[in-house]
Amino acid sequence: MKSLYQRLSLFVDGKDAYTFVPIESLGAQSLTIRRATGDIVLNPPNKAVPPTATRYEKTVYGILGMISLALSEYIVIMTGREHRARFLGHDIYRAADFDILPLNPNVSAQFPSHPVEGHLLALVRAHLSGGYFLFSYTFDLSRRLQAQWSESKSDTTRPLWKQADDRFFWNKFLQSRLIDTEIAQELSPYILPIVYGTFDLRTTYIHGHRIQLCLISRRSRYRAGTRYFRRGIDHEGHVANFNETEQIVLVEESAAGRISNIENFTHKLSFVQIRGSVPVFWGEINTLRYKPDLQVMDLQDTVDAMCLHLEEQISLYGEQCLINLVNQKGHEQPVKEAYERAIAQTELPEAKYRYFDFHNECKHMRWDRINVLIEKMQEDLIKFGYFHLNMLQEEPAVKIQKGVVRTNCMDNLDRTNVVQAALAKWTLNHQLKDLGVLTEGEELDDFQALSQDFRESSGALKTDFTRTNKRTKMGLVEDGYKSVMRYIRNNYFDGARQDGFDLVTGAWTPRKNPITAVSLLADTRPLIIRSVPYVASFSLFMICAGLTLPRTSDYSLLYYFTLWFMIAALSIIFIMLHGIEYVSWPRLIPPTDIIHYKGPGFRSAHHGKGFMGPWGQKFAVPRKAMTANGVVHGGRKRAPTNYIEEIEKGTKSRVD
C-alpha cells in the first residue's frame with residue numbers, strides 16, 4: 001500500500017492544466033487535472049512539468065476533492081495545517097487553510113461572474129473555515145481502535161481511503177471524482193480522508209505509569225446539519241447529527257528510571273459511546289421566539305426507519321442501551337412519547353430502552369444525581385465492557401467491547417454531554433483499577449491531571465460540570481451568554497450554515513445553469529414584510545436622536561417619544577407575529593415539509609405565521625415564494641414552474 005503524499009507543489013499551466021507534484025517522494029507520479037475537460041491523469045514517474053507552467057505560491061498539504069457548482073467544477077486543496085498531537089506513532093493534524101481552484105478557464109473563484117456562483121462558493125468557504133477537520137497521513141482517524149484491530153490484516157493491502165468508515169469520511173462526496181475513476185487505486189496517495197470532529201490528547205503519570213488519555217469525536221456526514229434545521233430521522237434510517245465518541249487510554253507498565261517513548265505502551269484501551277437525534281420524524285420550527293414550535297409527525301414508516309437505524313448500530317457496535325434524557329413534561333413530552341411508542345414496536349431484543357428524567361433528578365444543580373442512572377446501568381456497562389489490547393504477552397490478549405450506550409436529549413449537547421462524561425469517567429476509573437494503576441481505595445478524582453479540564457465542548461452548556469465535576473455560578477453566567485449566542489445563530493445565521501453542510505456533503509447538488517437558481521439570492525417576500533425592520537430601526541434611531549434634542553417643552557418631548565416608542569413597539573410586535581418570515585432558513589433544502597405538515601402527529605403551536613383566526617384572514621399579508629425548489633418562507637409551497645426549472649436548480653440526491 002502506497003502512503004499518502006504529505007506535501008505537494010502545484011504548477012498552473014495557464015488555462016490548460018493543474019499539475020500536483022509530490023515534494024518528498026522520489027520517483028513519484030505527479031497528478032494532472034485538465035481544465036478544459038476535467039480529465040484526471042496520473043503521469044509517468046519523474047515526468048517533467050511543462051516549462052510554461054508557473055508554481056503556485058503556497059504548498060499544498062492535501063487534495064480534499066472536487067466539487068461541481070453552477071458555472072464550473074473546482075478543486076479544493078488544503079494550504080495550511082496545524083499539528084495537534086503525535087498519537088501511537090502517527091502525526092495528527094487539523095486542516096487550517098484552504099484554496100479553491102476553478103477548472104473552467106473563464107471562471108474566477110475570487111471574482112465569479114455570476115452572483116449564484118459567488119453565493120455557492122461563499123457557502124463552501126464558510127463551511128471549510130467554520131468546521132474542525134482532522135486528518136492523518138498514516139493513521140485512520142475515522143475508525144475506533146477495536147474496528148482497526150479487527151480489520152488489521154486486510155488493512156495492510158488497502159489504501160487509507162478504503163479503510164475509512166463511510167459515515168465519518170467527511171469529504172467522501174468531494175473525493176468521489178477521484179474515487180470513481182478507473183485509476184482510483186493508483187490515485188490513492190492523493191486521496192486524503194478527513195474527519196469532522198474533535199481530538200484531544202493529554203499525558204500524565206500515576207504511580208510510575210505513563211498514561212495518555214485521548215478523546216476523539218467523529219461526526220457522521222449523513223443528515224448532518226445545524227441545531228434546529230436537522231432533527232429526527234430520515235427514511236433511510238440516518239438520524240440527525242450522529243456522533244461517535246471514543247475515549248482511548250494508553251498505559252505504560254512502568255516509566256520509572258527511564259525515558260519513555262510511544263512504543264512502550266503495553267495497554268491500549270478504548271471505550272466508545274454514541275449519540276444522535278431522537279429516531280422518529282420530528283422537527284422544531286424557528287419563529288423568533290426563544291422556544292421554537294415543536295412538530296412531531298406520525299408517519300407510517302416511523303417504526304421501519306427506527307429499525308433500520310438500530311439494526312445498523314447493532315451490526316456495528318453490538319447491543320444497544322438507549323438512554324433518553326428528553327423531559328417527560330412540557331414542551332419536550334410529545335417527543336418522548338413518540339420515541340417510546342415507536343421503540344415498543346421495534347421488537348429488537350438487542351436494543352434496551354431506558355429513560356432518565358434528567359431535569360427532575362438533577363434539579364437545583366444536583367449533578368451528582370447522575371450516579372442514580374449509572375447505578376441502574378452498571379449491569380449493562382459491565383456486560384458491554386471495553387476494548388483492551390494487552391501487549392505484554394507474545395500473542396496480544398484482546399478484550400472486546402460488546403455493546404454501546406446511545407444517549408440523546410433534544411439537542412444532543414448539554415444533558416448528553418453530562419451523562420457521557422459521567423459514563424466515561426466511571427469506565428476510566430474501572431479501567432485503571434483493572435490494570436492495577438489505581439488501588440482499591442483510590443478514585444479518579446484523587447488525580448486532578450486526569451479528571452479535570454479534559455472534556456470540553458465550547459458550544460455546549462454545563463461544561464463547568466463536565467470539566468470539574470462541580471456546578472459553579474461562573475458556569476451559569478457562561479451558560480447564559482452561550483444561550484443568547486445560540487438564539488442569535490439559530491434564527492439569523494444557521495440557514496446559510498445548513499446550506500454549507502448540504503452542499504459539501506452532497507445532500508444537494510447544483511446543475512450547470514445558474515440563471516434558474518437566482519431564487520437562491522432573491523428576496524421575494526412582500527414589501528411590507530421587508531420594510532418593517534427598517535421602520536423599527538428608524539424609530540429606534542429617532543428615539544436615540546431625541547435624547548439630544550433641546551428641552552424647549554416637556555410636552556413636545558413626551559409626544560415625540562410616545563410616537564416613536566409606539567411605532568417601534570408596533571414594528572417589533574409585527575415582526576414577532578410574522579416571525580417565520582424573518583428567520584434565516586436554509587435555501588438549498590428548506591424544511592417546508594415540516595413547517596407546513598398537516599398529517600397526523602403533534603404541533604405545539606403555529607407561531608410566527610401572522611394574524612390567526614377571522615381577523616387574520618381579513619388582514620393577512622400575502623405571501624410569495626422566496627426560495628429555491630418551490631419553498632416559501634412562512635408561506636405556501638408552490639410547484640416549480642416546470643420540470644426543466646426543477647432539474648436545473650439542483651437535486652436533493654446524494655451522489656457518492
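Between which two strands is the loop that holds Asn-241? Asn-241 is found between β11 (209-219) and β12 (243-252). The views below come from a predicted model, in which local features need pLDDT of at least 70, side-chain atom pairs count only at pLDDT 80 or more, and totals for chains, interfaces and linings use all residues. Residues are numbered from 1 along each chain as its sequence is written, and side-chain values use heavy atoms, with hydrogens and water left out.

**View 1. Asn-241 and its surroundings.** Asn-241 counts as buried, at 14% relative accessibility (buried is under 20% relative accessible area, exposed over 50%, partly exposed in between, with a 1.4 Å probe and protein chains only). Its side chain makes a polar contact of 3.0 Å with the side chain of Arg-219. The side chain of Asn-241 also reaches the backbone nitrogen of Gly-225 at 3.1 Å. A polar contact is a pair of N or O atoms within 3.5 Å; within protein, one must be able to donate a hydrogen and the other to accept it, and residues adjacent in sequence count only if both atoms are side-chain atoms. Beyond four places in sequence, the residues in contact with Asn-241 include Arg-223, Thr-226, Arg-230 and Arg-275 (contact means heavy atoms within 4.5 Å).

**View 2. Helices α6 and α7.** Helix α6 (residues 302-317) packs against helix α7 (residues 333-343) at an angle of about 80°, with the axes 9 Å apart. Axes are lines fitted to C-alpha atoms, for helices over the stretch in contact, and angles run from 0 to 180 degrees between N-to-C directions. That angle makes α6 roughly perpendicular to α7 (65 to 115 degrees; under 35 is roughly parallel, over 145 roughly antiparallel, the rest oblique). Thr-302, Val-303, Met-306 and Leu-310 of α6 meet Tyr-339, Ala-342 and Ile-343 of α7.

View 3. Helices (H or I, at least four residues) and strands (E, at least two) are DSSP runs, numbered from the N terminus. Helix α10 covers residues 414-434 and has 21 residues. Of these 21 residues, 17 are buried. Gly-436, which follows α10, has a positive phi near 85°. Asn-412 sits in the loop between β20 (403-408) and α10. Asn-412 is buried, with a relative accessible area of 7%, and its phi is positive, near 60°.

**View 4. His-207.** His-207 lies in the loop between β10 (195-206) and β11. Its phi is near 50°, a positive value in a residue other than glycine. Most residues other than glycine have a negative phi. His-207 is partly exposed, at 47% relative accessible area.

Methods:
Expected span 1.5 Å × (residues − 1).
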